[in-house]
There are 4 protein chains.
Amino acid sequence: MDIGIIGLGRMGGNMAERLRRAGHHVVGFDPSPKAREAWTGRGGEAVASLDALIGQLPSPRAVWMMVPAGEITGKTVTALKSLLGRGDVLVDGGNAHYKDTLQRAAELQEAGIHYVDCGTSGGVWGLVEGYSMMVGGDEEAVERLRPIFETLAPAPDKGWGRVGEVGSGHFTKMVHNGIEYGLMQAYAEGFSVLRHKQDFDLDLHQVAEIWREGSVVRSWLLDLTADALKKNPSMDGIAPYVADSGEGRWTVAEAIDLNVAAPVISLALIERLRSRDTDSFSDKLLAAMRNQFGGHAVKSE
Amino acid sequence: MDIGIIGLGRMGGNMAERLRRAGHHVVGFDPSPKAREAWTGRGGEAVASLDALIGQLPSPRAVWMMVPAGEITGKTVTALKSLLGRGDVLVDGGNAHYKDTLQRAAELQEAGIHYVDCGTSGGVWGLVEGYSMMVGGDEEAVERLRPIFETLAPAPDKGWGRVGEVGSGHFTKMVHNGIEYGLMQAYAEGFSVLRHKQDFDLDLHQVAEIWREGSVVRSWLLDLTADALKKNPSMDGIAPYVADSGEGRWTVAEAIDLNVAAPVISLALIERLRSRDTDSFSDKLLAAMRNQFGGHAVKSE
Amino acid sequence: MDIGIIGLGRMGGNMAERLRRAGHHVVGFDPSPKAREAWTGRGGEAVASLDALIGQLPSPRAVWMMVPAGEITGKTVTALKSLLGRGDVLVDGGNAHYKDTLQRAAELQEAGIHYVDCGTSGGVWGLVEGYSMMVGGDEEAVERLRPIFETLAPAPDKGWGRVGEVGSGHFTKMVHNGIEYGLMQAYAEGFSVLRHKQDFDLDLHQVAEIWREGSVVRSWLLDLTADALKKNPSMDGIAPYVADSGEGRWTVAEAIDLNVAAPVISLALIERLRSRDTDSFSDKLLAAMRNQFGGHAVKSE
Amino acid sequence: MDIGIIGLGRMGGNMAERLRRAGHHVVGFDPSPKAREAWTGRGGEAVASLDALIGQLPSPRAVWMMVPAGEITGKTVTALKSLLGRGDVLVDGGNAHYKDTLQRAAELQEAGIHYVDCGTSGGVWGLVEGYSMMVGGDEEAVERLRPIFETLAPAPDKGWGRVGEVGSGHFTKMVHNGIEYGLMQAYAEGFSVLRHKQDFDLDLHQVAEIWREGSVVRSWLLDLTADALKKNPSMDGIAPYVADSGEGRWTVAEAIDLNVAAPVISLALIERLRSRDTDSFSDKLLAAMRNQFGGHAVKSE
């Protein structure tokens, strides 16, 4: 089917390509000429403005946004509100906060535009392996996009589904990412214990490979971990600095709002914050307190 | 090859069966007549004593223990010390603490008996899917058992390996289980957040199925979780009571001994302890403190 | 000096009384006739409406709100905006979120009214022992209220101070409460460990009394804990249910916003959430998972 | 009364001095000539060997050990076993693990020597303020030492008590220190949040002083924290490195053994471990995993 893709970066470019390879008519737009060139270089069709994008699509239109969550998504939605028409469908495939999504959907609904939120997982591997998609929105709109979801998914009937009304897709993806933080941290801690047990001089890559087959902890993240440990078993040159892109924070906040105890997801996030603070004020204060009451020496900076 | 299996329970019985089906000559022993009958019912060969077991095996003998960690393992090793001879190999496939394993290996070494520790993962699914095995012990002994490991593993060259000297197998399996606790807790928290978001009325089984294909959180544990949610989406009739079989505790203790920060594995264990305490003294005391300083009402039991 | 007090409940009534006893002219208002009667019964002067309250105060007026945070504070501020005049000072002594305080201050500033936020600690003991007050607001306004702060504090020059511009008082109080959660949880856990060590059959009240004098953990919270343990050493009749009034949640959220790792304060909050969930879905799911992979029995509800 | 003190370091020297000032006849021994000189410099009476110490004391003897927990305590007890006689009392005032204490007490009991364990809190301030002491041992022995405890305590009838049989004193002190970790961490986190809220530019020393009077979080640790913040408000020159002396680890292990959920004490310990790991392998691995699945850049070392 015909679809416009807004955002041709790491995620959007690969999704557009997966659709194009399957025979869909994909028109791409990205504000960056470089991203557009990369897309046309792959054989894709690109336009240089939102206006042009909308102009290329037959009514009722289907447009998929794959842009960074936050301000850019907001601005793009505002711009599209006046360009799209009654009965068109706009999909946000990014990681917006579900509350923002609810607000945007309400705005577009006034103009008769369907808003669909698609939580998209799969990372850079999705082009080849397909994407896992949690979709929210009214049934009619989601149904109309079915050929797109069936192509992007690992298989037509697998790895995607309409999970509920608009907002539910991004909500579910947010929790997915919260879980991801917890899983990653569990593996990281375990491998760290193995590494520090110097008596046994374990080969962490070998252990990961053993666990990949038949063990209770086998997973796709473990597959990736095995690959990372193969390339760089002692993690040389990699700073112990772990970024986060927001969904973990939202999951922690949501758990608290819902009165759900989520200690592991919370601690996984907190450890990321900790990783970025190489000059912890609280640890300095603890050292100072110990000195105060026990006369314990503090280590100098 | 010829092998004796001690312990024909849930794990040992299935392992014996997987070996038997592959053509190995397996002699089984279990103190429970019922377990022996189950094994002979499957077509296996059983004996009624350790003596008889050892008598049935050609020298140098290979014996695999699959008995509960702790006292029973200790007693079995003591008994075997006098029954086995120089050059025989005894494998502990259970979940012993690696420090006990080191001690037992030292004892048997005096008698010239090789002790091999095999951390075995795979649970009740291992019969069909194969087991993941982390093996510790001297190279010669492990090599002699190669046909056994190749049969028990998911594939001859996958899912098993000698990770180091004796003790390293159980150590690695212990950490495997610590990771398992963290992974399980991360999923459990995430699904709990989804369930409590009543606005979206999510179908947890559907979400699990979507995540199984293409998502970052796909894993074997998620496959099992999807199955559990399919059978019983609201977990009716299941008490919120989570047992533990020890390896998580040992992992936490080991992490602390090694000065490795393992917050997520630790909290996953602590939540299990918490799940079993339905009359928390600390929570009662907190309620009493709030009443003391703020006049906040306490809830009566 | 002359001051109007809005809210004559547990906190406001005691503060009004402490001011009255020190010779200030206090006019009190509470929408509840019962609260007003309690106040007049103590010898206080009460009025039945905000209008009447403002009418009784000389210009420039000083008004102290001690009402529940949230909607009621918002409505009271809105009402006072039209009743108060240029140069008047309105103090919010409650536990408002500092971001709401910033917004309210901005609104009142348009009308020339000074808004002062006072984070107030001390609970039901403040009447006798004095209150600890963290004050935010412009210097002139805070200075004008000095006689009030000096009376409410444990001593004129102790236990209170202007910590910065408006909002900083409530911010500081919020963090105070976050710390409070952590302290309480630490004591509760420790006493729980003592109680569960049945070999030693410790007298928890005695231990608390010993610690009150000379130990590193001595504190006012420990004094209260000792009192609670004296009255009810086994916490009979008290449900293990711990409420929270919001500031702990805000502290956790703020720490995350500021990228500050606050594991202990976060976990202290999470334990409170956990205490209220006697039917934990995540624990049920964990039990179901263990059954899936290991065949471990689940406990029935 | 007559008492021998073994160990004239930071703690032992001050305790000996507090006893001497009160008129007790104190004979001190320390293997370090420097420590002995410091003690004689204060006017104390020192001897150069354990033999000499025992020789100076009238029967039945009272001896107080104040030496580092671990090997030194063990060796000292072994040496004293042959020097002391039936009916003598030996007090261990240090931080031994209670399980070691139970074993030592059993050994000495064979020789008719009473063993008393005294968990001692108060740090370097104890000389002036008195010590908090949790005492375990048989009633007769504890009673005989009463004049000593009454002198060392903040007041004769305050801050000390026999909490149970031998071992219970060190057990209680261990938990005291676990609580201490939690309290310290809660304050440290709170002040760190305050410090990072740059909008308000808070004076942390001022805040601590306000809280010291009338607030719910007032405590002796807060008094010390205020002092530390006064001297060095930005903790300049202090490394964010927090040592631990073992009791926190034991408390965490004991809580797990007793199936008591102690998340805050556990996390307080874990943060100390984390503070000492400036090259976290788990954080490096997390960064590598994010790169693997999402193409997120890793920060170079």
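Me: What makes the meeting of the D:Arg212 and D:Asp223 side chains a salt bridge?

Reply: The N to O distance is 2.8 Å in this predicted model. The cut-off is 4 Å between a side-chain nitrogen of Lys or Arg and a carboxyl oxygen of Asp or Glu, so an Arg–Asp pair at 2.8 Å counts.

Me: What makes you say that the pair ties together parts that are apart in sequence?

Reply: Look at where the two ends sit. D:Arg212 belongs to helix 10 (residues 204–212) of chain D and D:Asp223 to helix 11 (residues 220–231) of chain D, so the pair links parts that are 11 residues apart in sequence.

Me: Is D:Arg212 buried or partly exposed, and how do you know?

Reply: Partly exposed, because its relative accessibility is 28% and that class runs between 20% and 50%. D:Asp223, at 25%, falls in the partly exposed class too.

Me: Why is A:Glu17 said to form a salt bridge with A:Arg20?

Reply: The closest N and O atoms of A:Glu17 and A:Arg20 are 3.1 Å apart. That is within 4 Å, so the pair passes.

Me: What makes A:Glu17 and A:Arg20 about one turn of the helix apart?

Reply: Both residues lie in helix 1 (residues 10–21) of chain A, with a spacing of 3 residues, which is about one turn of the helix.

Me: Which residues make up the network of salt bridges with A:Glu17?

Reply: A:Glu17, A:Arg20 and A:Arg21 are linked in that network.

Me: How do you know that C:Arg162 forms a salt bridge with C:Glu165?

Reply: By the distance again: the closest N and O atoms of C:Arg162 and C:Glu165 are 2.9 Å apart, and the limit is 4 Å, so they qualify. C:Arg162, with a relative accessible area of 24%, is partly exposed. C:Glu165 comes out at 48%, which is also partly exposed because exposed would need over 50%.

Me: How many salt bridges does this rule give over all chains?

Reply: The count comes to 84.

Me: What makes chain B and chain A neighbours in contact, in residue counts?

Reply: Contact requires heavy atoms within 4.5 Å. On that basis, 63 residues of chain B touch 62 residues of chain A.

Me: What area do chain B and chain A bury between them?

Reply: About 5,600 Å², with 74% of it on carbon and sulfur atoms. On the chain B side, B:Val193, B:Phe200 and B:Val216 lose the most area to chain A, together 12% of what that side buries.

Me: Why quote an area for the size of an interface?

Reply: Because the size is often given as the accessible area lost when the parts come together.

Me: How many salt bridges are counted between chain B and chain A?

Reply: The count is 4. One of the salt bridges in the model joins A:Arg218 and B:Glu129, with 2.4 Å from N to O.

Me: What kind of peptide bond joins A:Ser59 and A:Pro60, and how do you know?

Reply: A cis one, with omega at about -10 degrees. A:Pro60 sits in the loop between helix 3 (50–55) and strand 4 (62–65) of chain A. D:Ser59 and D:Pro60 are also joined by a cis peptide bond, omega about -10 degrees.

Me: What makes phi of A:Met235 worth a mention?

Reply: Phi is near 55 degrees, a positive value in a residue other than glycine. A:Met235 is placed in the loop between helix 11 (220–231) and helix 12 (247–257) of chain A. Its relative accessibility is 0%, under the 20% cut-off, so A:Met235 is buried.

Methods: Residues are numbered from 1 along each chain as its sequence is written. Chains are lettered from A and ligands numbered from 1 in the order in which they are written. This is a predicted model: local features need pLDDT of at least 70, side-chain atom pairs count only at pLDDT 80 or more; totals for chains, interfaces and linings use all residues. Side-chain values use heavy atoms; hydrogens and water are left out. Helices (H or I, at least four residues) and strands (E, at least two) are DSSP runs, numbered from the N terminus. Buried means under 20% relative accessible area, exposed over 50%, partly exposed in between (1.4 Å probe, protein chains only). Buried area is the accessible area (1.4 Å probe) that two parts lose on being put together, summed over both.
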